[in-house]
Amino acid sequence: MSVSDILETRNAFSFEVFPPKTDVGMEKLCGEGGVLDQLYTLNPDYISCTYGAGGTNVGKNLEVLKKIKADGKCIPVTHFTCIGNTKEGIKEQLQTYLDNGIDHMLALRGDLPFGWTGTGGDLHYATELVKFVRQEFGDKFTIAVAGSPEGHIACRSLEADIAFLKQKQDNGADYIMTQLCWDMDQFRYWLDAIRAAGIWMPVDVGIMPILDQAATINMALSRNGCVMPRELCEIISKNWIFPNPFEKEPFDANVAEKKASFKEAGIEYTIRQIDEYRACGINGIHLYALNKFDDVARIAKEAGLLDLI
């Protein structure tokens, strides 16, 4: 059964991991008893694996996905961008994934490396990538595409972004994996708007656990331009580390206490947000595991995402 089949049948539950840059990190993720083995115990439907801006760390990405495939516990899904790549290169890389039994992908333009003004390749948008994959590989891949409830930061308007999402569907995409969004009113508006636009693809919602101040602020502002609701801002403000959470050696005497307090409040906030998403009638929850287990396991259990019988 493909991920799109699962999403059409029932709510799916999945994780995102990233390929570590070091051998030590790879061992922690992929080694015996490592994070992947622990995540399997939660019975996810699939695990997706990212790679770096500009297609960096692709080798580690494939290594992670090969392990997931070999373990046979869930479906491996690769992120795939068209940055810095030719059509021939894309064909070769995708064939390598197929040769290793990996037939699910998230088709992305990808984040441009610092200083880049374009993809530097033959394809420039995810719409083109979806169309190219369908032309070259037919139905061999199940294709997910990104959805941006607040509109992609590089797009001229939310309406244009929805039109491009419809184009991805028309070009052969199977389901949507949403970008980070904490603004639930905006998400509800977007969900109604895409359905009104004739976009019928299932919606799998991407959730970043709120565990660290600096990571939360960075994720919201450095790439995505996400709205941070008042409640989330209050959690950050009440636990603010002086002079700021990005300082490696803060002078705040209560650093450890504030980090612990922020993390607890952030986990509770994440669980409540999952409740709100599920009440919207979405088709799945995709948790960013951040290559860790304990926190996402707690979130999944307390949010009622797991069958505990």
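Start by selecting Ser 4: apart from neighbours within four places in sequence, Ser 4 is in contact with Thr 142, Asp 174 and Tyr 175, contact meaning heavy atoms within 4.5 Å. This is a predicted model, in which local features need pLDDT of at least 70 and side-chain atom pairs count only at pLDDT 80 or more, while totals for chains, interfaces and linings use all residues. Residues are numbered from 1 along each chain as its sequence is written, and side-chain values use heavy atoms, with hydrogens and water left out.

Stay on Ser 4, which sits in helix H1 (residues 3-9). Helices here are DSSP runs of H or I with at least four residues, numbered from the N terminus. Ser 4 is buried at 12% relative accessibility; buried is under 20% relative accessible area, exposed over 50%, and partly exposed in between, with a 1.4 Å probe and protein chains only.

Next, select helix H5 (residues 87-99) and helix H6 (residues 126-137). H5 residues including Ile 90, Leu 94 and Leu 98 meet H6 residues including Leu 129, Phe 132 and Val 133.

Last, select Lys 238 in helix H10 (residues 230-238). Lys 238 is exposed, at 68% relative accessible area. Lys 258 is 20 residues from Lys 238 in sequence and 8.5 Å away in space, C-alpha to C-alpha.

Notes:
Axes are lines fitted to C-alpha atoms, for helices over the stretch in contact, and angles run from 0 to 180 degrees between N-to-C directions. Helices (H or I, at least four residues) and strands (E, at least two) are DSSP runs, numbered from the N terminus.
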